[in-house]
Amino acid sequence: MEVADKLKLLGLSDQKVKETMKNESLTVILADIVDQAQGKGELNKSVGNLLYSLGTKLPRQFHTRLPLLVEYVARAQINQEAKLTAAIKFVRDHALKDFNTAEFEKACGVGVEVSQCKIEEAVTQVIRKHTEVILKQRYQYKIGPLMGQVRAILQWADCYKVKQEIDKQILILLGPKKEQDLKPVKGKPEKKKNMTEVQHTETQSMNMEEFLKTVHFHATGQNHMTEGYVITENTNSILKEHLKITGGQVRTRFPPEPNGILHIGHAKAININFGYAAANNGICFLRYDDTNPEKEEEKFFVGIKNMVEWLVRGHNQSTSPWRERPIHESLQLFEDMKNGKFDEGEATLRLKTTLEEGKLDPVAYRVKFIAHHRTGDTWCIYPTYDYTHCLCDSIEQITHSLCTKEFQSRRSSYYWLCNALDIYCPVQWEYGRLNMHYTVVSKRKIAKLISGKHVRDWDDPRLFTLSALRRRGFPPEAINSFCATLGLTGAQIVIHPDALEACVRNVLNVTSHRAMAVLNPLRVIITNYPNKSPTSVTVPNIPGNDSAGTHTVIFDEEVWIESSDFQEVEEKGYRRLTPSQSVGLRHCGYILQVQEVIRNTLGGIDHLKVICQKLTDSNKPKTFIQWVSKPLKCEVRLYERLFNHESPEDASVVPGGFLTDVNPNSLNVLSALVDVSVKGAQVLQNFQFERSGYYSVDPDSTPHNLVFNRTVGLKKDKGKKSNGQSNSHGIYFL
């Protein structure tokens, strides 16, 4: 009998048969079910529908019980969807227990038939409880809850018969429908929120640990309940031993390959693995996947460990002609590989298996004549990811092997090897990886940027490696918060950097001490300076937070302001200093008025002479600006997007390759002035330079020359116009 004809025996239409046959694995299962069912009873439409439901709902790891369930359905002992659902649940719950037929039949209602009389009694009982509401709402009343209440009384009652009886009794109660019953319901139903939007909104207010408490992976020791898990005759004893070793503790791992520096995508992986363990009072192992010494360096091992500590704190192949080689010969050849008798690429050790997706004999060991970071020249053979990863997970008794979606194709080899060795097999779960616009995260491509001198090193603040983000001044709390807002889905995510920067501002706004700095200084002389000597002005460290304390700055007759805060020719909407418009100085209680513009020999503005007045209610200016007096000289590095296009790796947008898309103006270095309060600042300490943005002290700083990296600009006030100040560096001025 043709496969299509077998599927038609399940009651499928011609169109449904065509759609089903597109799913090759499901088609094989359904055809096998038909073969098993034939000769055991009549294959009518009702039985066929249940057999189809069985084939689509029973997880593969429980298919050892498939013949049993097929027989019960084919013989009409399981004759309704509710009984089949209960039967599948019993099989799942008792996969590792002795199968008791009597308990099974009781659990799924075998032999239980509910009479029409009992259905009538139960429906009458339920409707009597809701008669008042039904009479009021009439035919607008939703009968779904009534169905559920009747089924709660009569678990195995036929749903179709229950609905018929409910419809009949409501008709008797209300009589035929009247004109009012035919009118549409007033008011539109509330539009359902997009699930992605709901998840994003809910996770915004949580940290990653709190969010992961809401995620439902398998319970420890319940590995066999997950889709695709392979159950063997020893699974029960192995899982019991696993629980004995771990005590039911959740165990995860973060296994980076030490051939480069971690990037923003790894931040998500770190948050998920360490976060899930923390959310369940478990433990997460930092494990180096150091199986390829050719690309590994000491600085990558150290860099990865530092970044993790920082962040946590905040197909088909041809068959090999050697496939059937005798075991003793293979063992000798493997020994020869270990002893260096083969050149690189001349011999490999393979796992003899055909995987679910058809892949043959994945490589387990290969020859590499390269010194290892830790073991030196002791070994010249190195294992592959497919071989080591699942074994390390098993040795460490990992309960949840959480990895990105691209490793889904490796799951079959992961499960096969553990079960082939008859050892504890963890469960692999996949989630979508995180990508970011306007950057590249490939280690190979970052290495090209470094060698081409487009960036300085792996921690260049224009990159999105974790070490680069730390150097730029991103707090670990902000990165963790950002990861929490992404939720946990299987979809690959591409995020605009603005989303990450918004999280950074949220943290820095309440943690960064304020300071005043001018990036493009303009000298100002106060001709009527009211004091005989420099005075001190008290400034709050964080406005609105008295517990953060204060600092003092110097106010003197010579001050420096931002050159863009003065315009000789006034423009409409410009609110700062002009020859006819005064401006206030922040914190000191004075306003300035231009007295004279002093020019240099080239005709440009050299400095301003101004007069100052005490601030009063009557002379309050339109704007207050930052200023410095007796300042410290410093270097300020302003960063823009490293690439001109948001997808520099997209050949349709950047046909010349990502290196041709590098923004030559991504770094602008300024000689600036900053107030004395920042003197002695520590490396990576964050500040908000008022009206400018958030800045962090760079490691290149010395006691006599501070270097600041701009972390992010201030958030633009959507309710205000641009006030005319230059925004050429992407800074938002308020």
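Reader: Why does Asp361 count as buried?

Author: Its relative accessibility is 6%. Buried means under 20% relative accessible area, exposed means over 50%, and partly exposed is in between (1.4 Å probe, protein chains only), so Asp361 counts as buried. Mind that this is a predicted model, where local features need pLDDT of at least 70 and side-chain atom pairs count only at 80 or more, while totals for chains, interfaces and linings use all residues. Residues are numbered from 1 along each chain as its sequence is written, and side-chain values use heavy atoms, leaving out hydrogens and water.

Reader: Where is Asp361, and what is its phi?

Author: Asp361 is in the loop between strand E3 (348-350) and strand E4 (363-367). Strands here are DSSP E runs of at least two residues, helices are H or I runs of at least four, and both are numbered from the N terminus. Phi of Asp361 is near 50°, which is positive in a residue other than glycine. Most residues other than glycine have a negative phi.

Reader: What makes His587 partly exposed?

Author: His587 comes in at 33% relative accessibility, so it counts as partly exposed. This residue lies in the loop between strand E16 (583-585) and E17, and it has a positive phi of about 75° without being a glycine.

Reader: How do you know that E17 and E18 pair?

Author: Two strands pair if DSSP finds at least two bridges between them. Strand E17 (residues 590-599) has 9 bridges to E18, and they run antiparallel. Glu596 stands opposite Lys609 in E18. Their hairpin has 5 residues between the strands, and Gly603 there takes a positive phi near 95°. On strand E18 (residues 605-614), 4 bridges also pair it with strand E12 (residues 521-526), this time in the parallel sense. Ile525 is the residue opposite Lys609 in that pairing.

Reader: Why are E10 and E11 said to stand at the edges?

Author: The open sheet has 7 strands in the order E10-E23-E24-E25-E21-E22-E11, with mixed pairing. Strand E10 (513-515) and strand E11 (517-518) each have a single partner strand, so one side of each is left without a neighbour in the sheet. Helix H23 (residues 497-511) packs on this sheet, touching E10, strand E23 (686-689), strand E24 (693-697) and E25.

Reader: What makes H15 mostly covered?

Author: In H15, 15 of its 16 residues are buried. Helix H15 (residues 264-279) reaches 22 Å from its first C-alpha to its last, close to the 22 Å expected. Just after H15, Asn281 takes a positive phi of about 55°.

Note on methods: Contact means heavy atoms within 4.5 Å. Axes are lines fitted to C-alpha atoms, for helices over the stretch in contact, and angles run from 0 to 180 degrees between N-to-C directions. The expected span of a helix is 1.5 Å times one less than its number of residues.
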